[in-house]
Structures are given as C-alpha cells and as structure tokens.
Amino acid sequence: MAPCKFRKFAPQSIERRVSIVALIVLTTAFTGCQQQADVAKREDVVDTTTAVNAEDSKTEERPGTMRESDKSEPGKSEPGKNQLAKVVKTDEEWRQILTAEQFKITRRKGTERAGSGEYAVHKNEGTYNCVCCGLELFASQHKFDSGTGWPSFDRPVRKEHVAEEEDRSLFRTRVEVLCNRCDAHLGHVFNDGPTETTGMRYCINSAALKFDEADETEEE
Ligand SMILES: [Zn+2]
C-alpha cells in the first residue's frame, strides 16, 4: 500500500512541484521584469527630476552667480570706495587751499548770506564739486530755482557722495548735508523741493562748491 501510495502520490507531487516551480519561475521572471521596468521608470523619473533640478539649479546659479558678481562688484568697487576714503587735513592745511569764506562755511558749518553766492542763479551746464576735495556732488540738470538765494538741487549726483546728519542748532532740527569724502559742511536738505521730481531741496552754499563746466562735446 505504502509504495503504491507513494507512487500514486509521487507523480502528482512531482507534477505539482513542477507546476509550482514553473509558476514560481514565471512569476519571479515576470515580477523581475516588472521590477526592472519599474526601476527603469523610476530611474527615468529620477533622471528627469535630476535634469530638471540641474536645469533649475543652473538657472538659479546664473542669477546667483550674477548676484555674487554684483556682490563682488561692490567688493571690486572698494577701490571706488577708497576713492571716497576720507580726505583728512588740519585746519592749517585747509586754510592754505580755501578762502576765509570757504573755510568758515565748509570747516566751521557757516552759511553764506542769501543771494550772495556766485552759484545762486548760475545756469551753466556742468557739475558742482566739493570746493575742499573736488568730489562731484551736484549736477546742473538737478538744479532748480528755489528763490531762496542759495543754489538748490533736487538730488546729489550720487547718494553716496553726500552724508546727511541731524542738525539741532538754531533751535530747530534740520538735516545737514556734508561731503562724504572730506566732511565739508555743504548746507541742508529739506523736503519742500519740486514735487514733480524728488520733492527734496538740497540747499547748498555756493562757497562749498566749485563749478566744473561741462565739456561741449559731451553735451552734444
Ligand atoms: Zn569734499
């Protein structure tokens, strides 16, 4: 009985085993293929994502790099800043290169009498430089007739060329304007300038300025 049973059982078992093995092999093969396909797909996705990311980072890098170069430009322009490195002289040295009036106004925070300065109604094309150190401060195209008797501008040539400080003298608070290179007192700035432009009025002493006539070729 037992061998017979074994014989009967055995072929069945072998068939079953074969079919099971075949199934397993097929399933494994299929699953393997699918997994490979899946992996391939994922790799595609990853590749695309990486590519997109790479492109993103490239596009981000470009402005980033530009920004960094922009950042490094002020670094590079540190020599430019060095141009604004303070010009420091003793009173005696200033007296040697300035008139008494220029010295009193720029180095002692004086104010010229209204209408007395040579640039109050001056209309020539050019730039107005610091009388002490020659730094370009104001331009004729920003000059307007304020009717105050002092040359008036709605803005400096470059913001960084002037310094502004609170001035509490004469029982009121005003904003003093100074040359940012040699600390020369220039005048004051008020917010009652021409509203069609900046609204600011840089009220400057003629004695603090030295006019530099524009080159005619530059004008044309
Ligand atoms: Zn100056």
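In what order do the 3 strands of the open sheet lie, and is their pairing parallel or antiparallel? In this predicted model, the order is S2-S1-S9 and the pairing is antiparallel. Strand S2 (136-139) and strand S9 (209-213) each have a single partner strand and stand at the edges, so one side of each lacks a neighbour in the sheet. From one strand to the next, the twist averages 35°. Strand S1, spanning residues 126-130, is joined to S2 by 3 bridges, the two strands running antiparallel. Tyr128 has Phe138 in S2 as its bridge partner.

The protein chain as a whole contains 5 helices and 9 strands. Read from the N terminus, the order of elements is α-α-α-α-β-β-β-β-β-β-β-β-β-α. Of the 220 residues in the chain, 21% are buried. Among contacts between residues at least 6 apart in sequence, 56% join residues at least 24 apart.

The mean pLDDT of the protein chain is 76, with 60% of its residues reaching 70 or more. Where pLDDT is low, predicted coordinates should not be read in detail.

Conventions: Residues are numbered from 1 along each chain as its sequence is written. This is a predicted model: local features need pLDDT of at least 70, side-chain atom pairs count only at pLDDT 80 or more; totals for chains, interfaces and linings use all residues. pLDDT is the predictor's confidence in each residue, from 0 to 100. Helices (H or I, at least four residues) and strands (E, at least two) are DSSP runs, numbered from the N terminus. A residue is buried if 20 or more other C-beta atoms lie within 10 Å of its own, exposed if 12 or fewer, and partly exposed in between; C-beta atoms are placed from the backbone. Two residues are in contact if their C-beta atoms, placed from the backbone, lie within 7 Å. Two strands pair if DSSP finds at least two bridges between them. Axes are lines fitted to C-alpha atoms, for helices over the stretch in contact, and angles run from 0 to 180 degrees between N-to-C directions.
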